[in-house]
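Let's walk through this structure together, with the sequence alongside. Please keep both in view as you read.

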Amino acid sequence: MMALIFAPLRTRLVAVIFTFTALWGFALSITRYSIPEEMEEGSFVANLATDLGLDVRSLEERNAKLDVIHSKNYLDINKDTGELVIREKIDRESICMTKTTSCFLKMDVILANPVRIFNIELEIMDINDNAPVFRRKTMHLDITESTPPGERFSLTNAVDADVGANSIKTYYLSESKYFNIDIQTGSDGSKYVDLVLSGKLDREEYSVHNLILTAVDGGVPPRSGTASIIINVLDINDNAPLFSQPVFAVNVSENSAAGTVVMTLNATDLDEGTNAQLIYSYTLYTSEKTQELFSLDPNSGEIKVKGVIDYEESQSFEMHIQAQDRGANPLSGHCKVTVSVTDLNDNYPEVTIKSLKSSLTEDVAVGTLIAVVSVSDRDSGVNGEVALSLNQQEKLPFLLNKSSEGFFELLVSKPLDREVTSKYELILRVTDKGSPPLTENETITLEILDINDNAPAFSQSFYTIHVVENNSPGALLTSLSAFDPDLNENQYLVYFIMEKEIVNTSMSMLFSINPENGDLYALKTFDYERERDFLFHIEARDSGVPPLSSNVTVHIIILDQNDNTPLIVSPWRAQGSVVEEVIPRSTDKGHLVAKVIAIDADSEQNSRVTYQLLQITDASLFSLDQYNGEIRTTRMFSYRDPRQQRLVIVAKDNGQPALSATVTIKISTVEHVMSFSETTELPLEYDVFTDLNLYLVIGLGAVSFLLLITILVIIVLKCQKPKPKAIKIPPANRNSVISRNSVISQRSSTIADSTLISSDAYWYSLFLAETRKGKVVVRQPIIPKGAGYFVSSIPRSIGPSETTDSRASTLEQEPRRELP
């Protein structure tokens, strides 16, 4: 850095020498000025025009300039005013690098025309602009704690770029009772400082001392600089190892395993390094027997069990131990360890079981003896005192009863139930009162034998089984299973149907049950139209002695199928023949032409019959009521209408799939219709036809007689074929029966009736009875034991004709018995 500064100065110096040599003759006297360093730029120094006796205007005219010798051009001339001003801040320390008191800046003022040179010297005066600085900010010193007081240690001094009063004046040391400083002045006036030990050092008290050294100059205001002094106190072996106490007392249990830690010694040494590293060892006062039973780790001071310790052989041991450091002149400390042996409860109590019963029946009486238990312990004192307990946390039905010293009885305390618990694990626990206590367990397995004390139980008390009619014989209906919690033969169940007769028929003829698994079967095909339900009982019986049983009610409900085709009973016709009806052409609108009645032996939805027209000659002439089967005229006949009309009616039930029957009616129109006298209707009660007794025989006779009369009337009408003749029927006779021919049936428009036909198996008779609920049609077979059809009548809506008193009949089929 210094070389870089001096290089340009040397170059300028050579140039100045040549200039001064050439113009030396023109130079005049030297003018001197003094200014402090660090003045601001543009600051006034002096008025050269006045001081040199020059006219201000001549400075410009004579091209006045300032030539600085050996330095930079720090100043400049204001040619307008003739003043010498600061051009650049001047740092005295950069111009005068030596520690001299005076510092001058030499320059020449040169004027031309004629040439004239004025010598100027500018003295740069020092200001306190630099603080003292230490060459080393941190100084480290190592001093042993054995160093005597008064020892001196040289410290690095501080430097200050300023001179004179602004240079370093004194030093200060931070407060310390162990150190102070001694300030000395060199031949050049520099201040030097030494560190002096003033007290006895102790590393164990303070191992490191941190001091602050401050250098202060003499400027106003003064400036200072600091440095840190770190003093490490070096250790010497001046402290012996020390145990926390001179005597240690510990306990160890007999029979302690080898390697068991008895205790760990921990002596301390205030020194450091090797002076604090300790070695533990037995002294000569420790017996060889003790050294055989206990080991001492020389590095950690850990004492462990090495041999077998027996309380009965020796109750205590003494160890004399020293701790020695590893210093050049080792120091040592001593202690004594007393080991007391603690007696152990090392004998387990014993349990002996006598007169043991390994199994009991569940009906055994409370208080029954199960076993006799004896307990003992070979230890003495509290270690030999024992207590016997049973695992009662499970609330077992057993208890222990102390009979004598050391003997207990195991008894049944509560009734037993094998179905709740079939086996017990009884744990007899005997514990002594030693410290720690020893425990011995003995387990008794007790099996509970079964007795027949539980009756079979069905999962439900009432079974409802639905069976669709027309089932296959032998079909499985359901499986009824009962549960018996007993064992072996006490839980082997047998199922059977409890005998019950329905209409002289046993249940065992209708149903069968598998005696082993309770599967219930149907032995016959059921017909809903004959049998609706069955109610009987099934019993489950175990094989115990004595056997126990329980029963359950079974309700068999027969479900209907659509297995009966509707049967058209009115108008009557021979099988496969066409029904012919004759009506006058003068019939009014709404005239009842015919009424189709069909019956269905099924029930509910399957028996609901509706009527539809399949074919009709003129759809605008007739209408069919789909519910009661009435065929009526929708208008009066005209001359264009043909004399014969053909209608095909289908009767369809409401089953799935639906079954149906058809009837063909041929209607002929005539000019006049001859009416015949009506037979008086017989009022009948509904419940008459349900009693098959003497009234049925009388009724069958009457029906047969009426049937013969009807056949004869039909034959006569068919042979004679009388001309139609209008006959006025009195109102009183409108409810009488009209005779019919099997092919052509003539009826009055004021009479609405129904006809029942005969089939291959039955003959039917027709009764029309006016009751409170409407007309009732009864069909009965000629066979005495047969069952007939019961027809209930439902009032229909009033039509637009004179036949408003007529009733639409709905027929229900009653069960029929088989022929004998």
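For the terms used here, buried means under 20% relative accessible area, exposed means over 50%, and partly exposed lies in between (1.4 Å probe, protein chains only). Arginine 530 forms a salt bridge with aspartate 527, and the closest N and O atoms are 4.0 Å apart. A salt bridge here is a side-chain nitrogen of Lys or Arg within 4 Å of a carboxyl oxygen of Asp or Glu. Aspartate 527 counts as partly exposed because its relative accessibility is 22%.

A word on the model itself. It is predicted, so local features need pLDDT of at least 70 and side-chain atom pairs count only at pLDDT 80 or more, while totals for chains, interfaces and linings use all residues. Residues are numbered from 1 along each chain as its sequence is written, and side-chain values use heavy atoms, with hydrogens and water left out.

Back to the charged pairs. Side chains of opposite charge can pair when their charged atoms come close. By the salt-bridge rule, the count comes to 22. One of them links lysine 433 and glutamate 385, whose closest N and O atoms are 3.6 Å apart. Lysine 433 sits in the loop between β30 (423-432) and β31 (439-449), and glutamate 385 in the loop between β26 (369-376) and β27 (386-390), so this pair ties together parts that are 48 residues apart in sequence. Strands (E, at least two residues) and helices (H or I, at least four) are DSSP runs, numbered from the N terminus. Lysine 433 is exposed because its relative accessible area is 52%, whereas glutamate 385, at 37%, is partly exposed.

Another salt bridge joins glutamate 405 and lysine 402 (3.6 Å, N to O). Glutamate 405 is exposed at 69% relative accessible area, while lysine 402 is partly exposed at 48%.

Now for the cysteines. A search of the whole structure finds 1 disulfide, meaning a pair of cysteine sulfur atoms within 2.5 Å. Cysteine 96 and cysteine 103 form this link, with their sulfur atoms 1.5 Å apart. The link is right-handed, with 85° about the S-S bond, and both cysteine 96 and cysteine 103 are buried. Cysteine 335 counts as buried too, at 6% relative accessibility, but cysteine 719 is exposed at 62%.
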